[in-house]
Each structure stands twice: as structure tokens, then as C-alpha cells.
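Visitor: Hi! I have a new structure open and would like a tour. Could you walk me through it?

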Amino acid sequence: MGMARAQHRRFGRSFVGGAAIAAALLTGTAAFAAGTGQPEPWQMDLQKPVTEVATEIYNFHHLLNVIMVGIVLLVLVLLLLVIFRFNERSQPNPSRTTHNTILEVAWTVVPVLILVAIAIPSFRVLRTQLSDPKADLMVKVIGHAWYWSYEYPQEVGGFKFDANLLEGEDQEKSGQPKLLATDNEMVVPVNKIVKIQVTAADVMHSWAMPSFGFKIDAIPGRLNQFWFKAEREGTYHGQCSELCGQRHAYMPITVRVVSDEAFQAWTAEAKTKFARIDTSGAKFASAR
Ligand SMILES: [Cu+2]
């Protein structure tokens, strides 16, 4: 009996140690909070979300982490209990108990409840993603080997441009991060529903923007569509996320989210600076 108590104390210490590690992990996520729009050295967390979809994904991810740590700790406790309290030395005559209705119902019902608790926010994210709100601005995004091009509709001027990787001196002067900055940026107004129609001209690419919480495949001959509403002004970086060939790593994505006035000014300038889209052919699929 005395021995069992000593074992129990030892087990108790392991449990406290495990809980401390879990607590450190959980607070660690907050301590290593990432920058906005681009990764940071020693980043532990996801990039800061700037859209509703990204925020919901972010919160869901953290909820899952908490549930996961709880389950891991419970299993650890049970394992240690078996190892230290129910080994051959401390229990020479093992119990022959089988079947316990309450226990069996509990270990069926509790996992079901956990899955339901996970399903609710999971379906909420799905609902937000698929809500397909009415677009304020529609931009066509085309993946090329190896750069992105953007086409803006007639309502804002009807122009198109390419966005290539900023390299060498140009990148240094821009103050933008290496391998993530582009010479031309996709510019969108803040707090407006922006829909992108994504396709590719040659091979498959994927337009991915971590702080907006989505990536969408760019497939030749197909038009994929997604929406976002950036809630904070700033410059956000993403990358092609479909292994598309030799220079896959060198076709980054830069989106600048600006105020309404700044967006008007940008389109006015872009109209004269970039190539016009001819109005004869329908370049945009009809959008709601
Ligand atoms: Cu690509």
C-alpha cells in the first residue's frame, strides 16, 4: 500500500510536468505570433488573418490545438496510471473485471461529443467560404510559367498587367521581402468583396494567400472562383502553391489592400500605365 502511494506521488509529478509543457505550448502560440502579410523569422503561429475566412480558420486551428492537447494529456495520464499503478509489482493479483456499462457508454459518447464540438466550427468555416457574396470587384487572375497576370474589369478601367518577381537591386530598394515581392501588385479596396476568377495559361498553378485564408488552383481551361474581403489595409504576400515547374518558387503574389480613394487613384493611373483589355470579347464570366 505504501509503495502504491509512493508510485502515485511519482505519477502525480509526471502529470504536473506534462501540464506545464502543454501550458508552455499553448502560451507559446501567442508569444510567437506572426507578422502580417508575410512570414517572420521563428514564426510558430499562422500569419495574422485579415479576412473573415482566415479568422475563422485561425480560431478553428487554435480550438483544435486545445482539444488535441487535452486528449494527449488524458491519454498520457491513463498510460502513466497503467505503467505505475497497475504493473505486476504493485498489483500482483490483477482484477478480472470485464464490462462496465457506464464506462463503455462514456467512452463512446464523449468522443462523439468531441467530434460534434469540432464539426460545428468546421461547418461554420465551410459556410463562410461557400457563402459566395455579391462581388464589388471582380479580378481575373492568370497563372503563367512563371509569373501571375491580372485583369481588371471595364467598370474600373479594363486593363491587364503581369506581376513578376522583384529581384536584386529592385527588391532591395522596394523594402519588400525577398522572393515574395513583385514588380506590379494586385491592388484591391479594403472592406470590399473581391472575387477572383483564377485560371492558368500553360500548366497548373495555385494562387495562395495565407493571410486571406485560402488558396485556389489555377488550371488551364478552367475558371475557379473564390472571394475575399480584406479587413485591414496593407501589403500581403503569397506564393504559387502548386508545383508547376522550374521556377515555381519564383512566382510570388503581392496584394496591396488600400482605401477606396487610393484604389480610385490607382485605377486611374493603371488605366494609362497598363495594357487595355479590348471590349469585343467577353473576358469575364458573368458574376453575381
Ligand atoms: Cu506556379
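Guide: Happy to. One definition to begin with: a residue counts as buried if 20 or more other C-beta atoms lie within 10 Å of its own. Please keep in mind that this is a predicted model.

Visitor: Okay, what share of the protein chain counts as buried?

Guide: Of its 288 residues, 23% count as buried.

Visitor: And how many helices and strands are there in the chain?

Guide: The protein chain has 5 helices and 11 strands.

Visitor: Which residues does the UniProt annotation "transmembrane region" cover?

Guide: According to the unreviewed UniProt entry, that annotation covers residues 57–84 and 105–123. In the model, residues 57–84 are 100% helix, with their end C-alpha atoms 40 Å apart. Residues 105–123 are also 100% helix, and there the end C-alpha atoms lie 27 Å apart.

Visitor: Switching to strands: what is the order in the open sheet?

Guide: The sheet has 6 strands, in the order β8-β5-β1-β2-β3-β11, and the pairing is mixed. Its edge strands are β8 (224–228) and β11 (275–276), each pairing on one side only.

Visitor: Do β1 and β5 run parallel or antiparallel?

Guide: They run parallel: 7 bridges join β1 (residues 137–144) to β5 (residues 194–200).

Visitor: What about β1 and β2, parallel or antiparallel?

Guide: Antiparallel this time, with 5 bridges between β1 and β2 (residues 147–152). A hairpin of 2 residues joins the two strands, and H144 stands opposite Y147 in β2.

Visitor: Then how many residues lie between β2 and β3?

Guide: There are 6 in that hairpin, and G157 in the turn has a positive phi of about 130°. β2 pairs with β3 (residues 159–163) in the antiparallel sense over 5 bridges, and W148 stands opposite A163 in β3.

Visitor: Last one: what share of the contacts with a separation of 6 or more is between residues 24 or more positions apart?

Guide: In the protein chain, those residues account for 67% of such contacts.

Technical notes. Residues numbered from 1 in each chain as written. Predicted model: local features only at pLDDT ≥ 70, side-chain atom pairs only at ≥ 80, totals over all residues. UniProt positions renumbered as here; feature names shortened; annotations may be inferred. Helix = DSSP H or I, 4+ residues; strand = E, 2+ residues; numbered from the N terminus. Buried ≥ 20, exposed ≤ 12 C-beta atoms within 10 Å, placed from the backbone. Contact = placed C-beta atoms within 7 Å. Pairing = 2+ DSSP bridges.
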